[in-house]
Amino acid sequence: MSLIKPIRILIADDHQLFRSGINSLLDEVRDILIVGEAENGEQTIEKYLELKPDIILLDIEMPRLNGLETLKKLKQKDKNVKVIFLTMHDTEEYVYFADKLGAKGLISKNTLKGELIFAIKAVYNNEKYFGKLFNNERLKDLRKKYKGSSTSILDNFIGLNEKEKEILMYISQGLLSKEIGEKLGITKRTVDYHRSRIMQKLGIKTLPEFISYAVRFSISNKFEVDE
């Protein structure tokens, strides 16, 4: 019987097949224990409060609450929550955004077993892991780059009206639709409508791509997300 205290993991992904795959990958790792699964954002929050895992492996694109919204709500309940995002999109804009929201890591869903285990153990030991290309120095460089960049990409947003541009700014800060609505004096439903229109105008189909555009838009306007 092992005396090593296992790292307790909650897997949150809306695809059963993917959750089963992660379970299989980690099942034979003696110091990692899967304590629960969730298939949407709301369930993730419930399971976290119930099970108190050490780390959540969290998919970004989930129903009810996406991964980013889920993390924001989790941090309101427990500022020390440790989340590693699992995603098919690991561009530097998205790494920057996940880092600013308070994620401890972000790795590709195509990562090898060894890297996944490395990421889990690093985060458990209060380190960050955003992939092999994004060490602490690179993360610092990204923050400086996004704060100081004067590169204009406004031509990509000519078709957006002022309200849509304002909403993009708030999205780059990590605000949820309800919070944006409160700032603008409109309903959450109206904000969601504007978000949908923005994505349609820009030809964006996925949440990661949308976040990337929002961050780059805020950079071009010399708008800094809150620390």
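1. Leaving out residues up to four places away in sequence, L106 touches I60, I84, F85, T87, H89, D90, Y94, V95, A98, Y129, F130 and G131. Please keep in mind as you look around that this is a predicted model.

2. As background, nonpolar side chains tend to be buried together in soluble globular proteins.

3. Now for the chain as a whole. The chain contains 10 helices and 5 strands. Of its 227 residues, 50% are buried. The accessible surface of the chain is about 12,000 Å², and carbon and sulfur atoms account for 48% of that surface. Taking contacts between residues at least 6 apart in sequence, 67% join residues at least 24 apart.

4. D59 is worth a stop, as it carries an annotation. An unreviewed UniProt entry lists D59 under "modified residue: 4-aspartylphosphate". In the model, D59 is part of strand β3, which spans residues 55–59. Is D59 buried or exposed? D59 counts as buried because its relative accessibility is 5%, under the 20% cut-off. Setting aside neighbours within four places in sequence, its contacts are A12, D13, D14, G67, L86 and K109.

5. K109, one of the contacts of D59, leads on to another feature. Which ring does the charged end of K109 sit over? That ring belongs to F18, and the charged end of K109 is 4.5 Å from the ring centre.

6. Next, the aromatic rings. How many aromatic pairs does a search of the whole structure find? The search finds 1. The partners are F118 and Y129, arranged edge-to-face with 5.3 Å centre to centre and 70° between the planes. The pair links distant parts of the chain, 11 residues apart: F118 is in helix α5 (residues 113–124), whereas Y129 is in the loop between α5 and α6 (136–148). With a relative accessible area of 9%, Y129 is buried.

7. S177 is another residue to look up. You will find S177 in helix α8, which covers residues 177–184. S177 has a relative accessibility of 2%, so it counts as buried. Apart from residues up to four places away in sequence, S177 touches K188, V191, D192 and R195.

8. Finally, have a look at L160. Where is L160 placed? L160 lies in the loop between α6 and α7 (162–172). Beyond its neighbours within four places in sequence, L160 is in contact with K165, L168, I198, K201 and L202. For one of these, L202, the C-alpha atom is separated from that of L160 by 8.8 Å, with the two residues 42 apart along the chain.

Conventions: Residues numbered from 1 in each chain as written. Predicted model: local features only at pLDDT ≥ 70, side-chain atom pairs only at ≥ 80, totals over all residues. Heavy atoms only, no water. Contact = heavy atoms within 4.5 Å. Helix = DSSP H or I, 4+ residues; strand = E, 2+ residues; numbered from the N terminus. Buried < 20%, exposed > 50% of the residue type's maximum accessible area, 1.4 Å probe, protein only. Areas by Shrake-Rupley, 256 points an atom, 1.4 Å probe, with all protein chains shown as cover. UniProt positions renumbered as here; feature names shortened; annotations may be inferred. Phe/Tyr/Trp six-rings, centres within 6.5 Å; stacked < 30°, edge-to-face > 60°. Lys NZ or Arg CZ within 6 Å of the ring centre and 35° of its normal.
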